[in-house]
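Visitor: I would like to learn how to read some features of a protein model. Could you take me through them slowly?

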Amino acid sequence: MLTAVSGLVKIGKTNTDNYKERMRHLEANGYYNVVGLKRFLAIELADYDDKESLLHEIFSKYQVGNSELFALDQDLIRQLLLSFDGRVIYPERIKKEKEFNKITTIRKKGALFNFYAKGLKKGDQISFISDNAITAKVADKRTVEYAGSLWKLSPLTFKIYQTKNQQNESGAYQGANYWQYKGKKLKDLPDIVQQ
């Protein structure tokens, strides 16, 4: 589940028979003093106890206390869950393999984005394509400063969409697609420096 806190996700398990009721309860009541939970991805697994333990162990250093909350990139979690052998319960009617391949491609492209390779330097201002009043400053080759905090573009893009109570069609946010520099989309800027 996604939370109202950008970059914070809940990873847990429930019975398939109880899934819808559990989701309604969490969405209405929150979890561990965190509200605004929304369904993100659910997959039915034969060995769900083992898988949940594995995920909690893999991401233990990103875990909030003893909770099921983790400070993680939502696309990473989505990619990992889609790699498991199981049936997707939510969202309904997605093709698991196609979705996995799409997210894998997005993550590969996002991992390679480098402001400096695109000719930008520390302090350069970029703006959100759909609202030029929203700006951020390049902090280093992979992050920007926005509202006094450092962000990677994808989580920041997701946060801005959440703030506007909107979501893009795919649910994935490749940041370089949503920001521009001097009127040009970041992803379309040519590489001018070797990475």
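Visitor: What follows helix H1, and what is its phi?

Guide: Helices (H or I, at least four residues) and strands (E, at least two) are DSSP runs, numbered from the N terminus. Here H1 is followed by Gly30, whose phi is positive, near 75°. This is a predicted model, in which local features need pLDDT of at least 70 and side-chain atom pairs count only at pLDDT 80 or more, while totals for chains, interfaces and linings use all residues. Residues are numbered from 1 along each chain as its sequence is written, and side-chain values use heavy atoms, with hydrogens and water left out.

Visitor: Which residues of H1 are buried?

Guide: Buried means under 20% relative accessible area, exposed over 50%, and partly exposed in between (1.4 Å probe, protein chains only). In helix H1, residues 19-29, the buried ones are Tyr19, Met23 and Leu26. Seen down the axis of H1, they fall within an arc of 70°, so they line one face of the helix; the arc is that of the directions from the helix axis to the C-beta atoms.

Visitor: How is the order of strands in the open sheet read?

Guide: Strands of a sheet pair through backbone hydrogen bonds, either parallel or antiparallel. Two strands pair if DSSP finds at least two bridges between them. The open sheet of 6 strands has the order S8-S7-S6-S5-S9-S10, with antiparallel pairing, and its edge strands, S8 (149-151) and S10 (184-185), each pair on one side only. Within this sheet, 4 bridges join S5 (residues 125-128) to S6 (residues 131-138), and the bridge partner of Gln125 in S6 is Lys137.
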